[in-house]
Amino acid sequence: MTQRSSHAERAVGPHRVVVIVDENSNPFELGCATEIFGLRRPELGRDLYDFRLCSPDPSTLMRDGFFTLTGIAGLEAADAADTLIVPNRPDVEVPRRAAVLEAVRRAHARGARLIGFCSGAFTLAEAGVLDGRRATTHWQWADAFRARFPSARLEPDVLFVDDGDILTAAGSAAALDLGLHVVRRDHGAEIANSVSRRLVFAAHRDGGQRQFVERPVPDLPDESLAPVLAWAQERLDTPLTVSDLAARAAVSSATLHRRFRAQLGTTPWAWLTGERLTLARRLIERGESRLEVVARHSGLGTAATLRALMRRETGLTPSAYRRRFGT
């Protein structure tokens, strides 16, 4: 398996993901990490990751005393991680333990990839690895984060931030978005879609989408975007426009924009482009080598447009992406 990030890959075995669990850690984000990186994938015929939990203590009391975690590795397991997921806790004003912060610093110094879910950004910042780096955290802690860590470049209104070897996600469900983004980055769109299907979760929400999405109880008639999204996904190879989507939904373009912003946190055109790019990546992974054919069947138009979007989204040219993820 090949990594896009700069850290060195271990010579044998799958990429090793280690999660540090500390006192008062949030169970939900721990569950997200376990679900995405820890489960066996018999439908894929191989394991994507070598997954472990570790803790500074033999017995770790989880958030609000809901349960106690025992029987996991000691903190030394963090020193073998290719990717280290740091603790996130609701008590952001309480300093993290020195042993945990030192483990994060050691991992960063040797080139491991670091991930912080939700308030995990506080752990990374306390360790000193976010100085001058882009990051996000839950919107309710944005002001506190800025006040304590002015050297970090906080992006408070996005789902997640990929800053190369350091990745951070906003609250709770955004951990799933970032986790799937990491799988996509490591293994390609086809594998990420397989994982998302098993999760029964949206295959791709761009990290730049807003954290806070208004979801009022709709008045009748139903204003859900699901029917128009499904209709568009079956026609990505056609020259669809925002006006076409609005006409299908029987609303004005302005109303469609408002619904996309409220329900998905993005614009109709950004969503459509993202869906087309995901389809293009899957076509490349499945062996299509003619860029003009990929561009046409994915609705991106030209090979030049495909190249530009692939480089912007993945950091790779289509040919480099094919070498890395193609069958």
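Residues are numbered from 1 along each chain as its sequence is written, and side-chain values use heavy atoms, with hydrogens and water left out. Because the model is predicted, local features need pLDDT of at least 70 and side-chain atom pairs count only at pLDDT 80 or more, while totals for chains, interfaces and linings use all residues.

**Exercise 1.** Describe the make-up of the chain, stating how many helices and strands it has.

Solution. Step one is to count the elements, which are DSSP runs numbered from the N terminus (helices: H or I, at least four residues; strands: E, at least two); the chain has 13 helices and eleven strands. Step two concerns burial (buried means under 20% relative accessible area with a 1.4 Å probe, protein chains only), and 52% of the 327 residues count as buried. Step three turns to contacts (heavy atoms within 4.5 Å): among those between residues at least 6 apart in sequence, 63% join residues at least 24 apart.

**Exercise 2.** Determine how helix 10 and helix 13 pack, and which residues meet.

Solution. Helix 10 (residues 268-285) and helix 13 (residues 318-325) pack at an angle of about 55°, with their axes 9 Å apart. That angle makes helix 10 oblique to helix 13, since oblique covers the angles left over once those under 35 degrees (roughly parallel), over 145 (roughly antiparallel) and 65 to 115 (roughly perpendicular) are set aside. From helix 10, Arg 281, Ile 284 and Glu 285 meet Pro 318, Tyr 321, Arg 322 and Phe 325 of helix 13. By class, this contact has four nonpolar, no polar and three charged residues.

**Exercise 3.** Find how many aromatic pairs the structure holds, and work out the geometry of the one formed by Phe 37 and Tyr 49.

Solution. The structure holds six aromatic pairs (ring centres within 6.5 Å). In one of them, Phe 37 and Tyr 49 lie 5.1 Å centre to centre with 85° between the planes, which is edge-to-face (planes over 60 degrees apart). Phe 37 lies in helix 1 (residues 27-38) and Tyr 49 in strand 2 (residues 49-55), so the pair ties together parts that are twelve residues apart in sequence. Both Phe 37 and Tyr 49 are buried.

**Exercise 4.** Explain why the pair of Phe 122 and Phe 149 is edge-to-face, and place its residues in the chain.

Solution. The ring centres of Phe 122 and Phe 149 are 5.9 Å apart and the planes stand at 75°, so the pair is edge-to-face. Phe 122 lies in helix 3 (residues 120-126) and Phe 149 in the loop between helix 4 (142-148) and strand 9 (153-154), so parts 27 residues apart in sequence are tied together. Phe 122 and Phe 149 are both buried, and ring pairs link Phe 122, Phe 145 and Phe 149 into a cluster.

Key:
Axes are lines fitted to C-alpha atoms, for helices over the stretch in contact, and angles run from 0 to 180 degrees between N-to-C directions. Ala, Val, Leu, Ile, Met, Phe, Trp, Tyr, Cys and Pro count as nonpolar, Asp, Glu, Lys and Arg as charged, and the others, Gly among them, as polar. Rings of Phe, Tyr and Trp (its six-membered ring) pair if their centres lie within 6.5 Å; planes under 30 degrees apart count as stacked, over 60 as edge-to-face and the rest as tilted. Buried means under 20% relative accessible area, exposed over 50%, partly exposed in between (1.4 Å probe, protein chains only).
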